[in-house]
Amino acid sequence: MAARVEIYTRDFCSYCTRAKNLLAAKGAAFTEIRAGDDPDKRREMIQRSHGTTYPQIFINGRHVGGSDDIHDLDRAGRLDALLAEPAAA
């Protein structure tokens with residue numbers, strides 16, 4: 001079983017698109033939480049991540065940051081291992 005990936009996004013966000021494209025290229029299934037027009041989901045995102053920019057990405061419930069952060073993890077060779085971790089039951 002693969003990692004559980006959640007990504008908070010908003011419409012017309014190029015950083016969101018870049019992050020989703022990277023995850024898709026890695027073959028990672030993810031749950032997209034569209035928070036841009038949903039005040040409750042935006043509050044949830046901020047509470048969980050302490051970040052206000054989009055996207056905010058979680059792998060197995062652990063906040064890994066935004067688009068630049070996930071690309072940095074990939075360049076450092078650490079993203080694949082995170083995505084391969086089994087999801088918590």
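Predicted model: local features only at pLDDT ≥ 70, side-chain atom pairs only at ≥ 80, totals over all residues.

Trainee: Let's start with Glu-6. What does Glu-6 touch, leaving out residues up to four places away in sequence?
Mentor: Glu-6 touches Thr-31, Ile-33, Arg-48, Gln-56, Ile-57 and Phe-58. Contact here means heavy atoms within 4.5 Å.

Trainee: OK. Is Glu-6 buried or exposed?
Mentor: Glu-6 is buried, with a relative accessible area of 12%. The cut-offs are under 20% for buried, over 50% for exposed and partly exposed in between, with a 1.4 Å probe and protein chains only.

Trainee: And what polar contact does the side chain of Glu-6 make?
Mentor: One with the side chain of Arg-4, at 3.0 Å. That term means a pair of N or O atoms within 3.5 Å; within protein, one must be able to donate a hydrogen and the other to accept it, and residues adjacent in sequence count only if both atoms are side-chain atoms.

Trainee: Where is Glu-6 placed?
Mentor: In strand 1. Strands (E, at least two residues) and helices (H or I, at least four) are DSSP runs, numbered from the N terminus.

Trainee: Switching topic: what order do the strands of the sheet have?
Mentor: The order is 2-1-3-4, in an open sheet of four strands with mixed pairing. Two strands pair if DSSP finds at least two bridges between them. Strand 2 (31–34) and strand 4 (62–65) each have a single partner strand, so one side of each lacks a neighbour in the sheet.

Trainee: How many bridges join strand 1 to strand 3?
Mentor: Four, and those two strands run antiparallel. Ile-7 stands opposite Ile-57 in strand 3.

Trainee: What about aromatic pairs, how many turn up in the whole structure?
Mentor: One. Tyr-8 and Phe-58 are edge-to-face, 6.0 Å centre to centre with 70° between the planes. Rings of Phe, Tyr and Trp (its six-membered ring) pair if their centres lie within 6.5 Å; planes under 30 degrees apart are stacked, over 60 edge-to-face, the rest tilted.

Trainee: Which strands do they lie in?
Mentor: Tyr-8 is in strand 1 and Phe-58 in strand 3, so the pair ties together parts 50 residues apart in sequence. Both Tyr-8 and Phe-58 are buried.

Key: Residues numbered from 1 in each chain as written. Heavy atoms only, no water.
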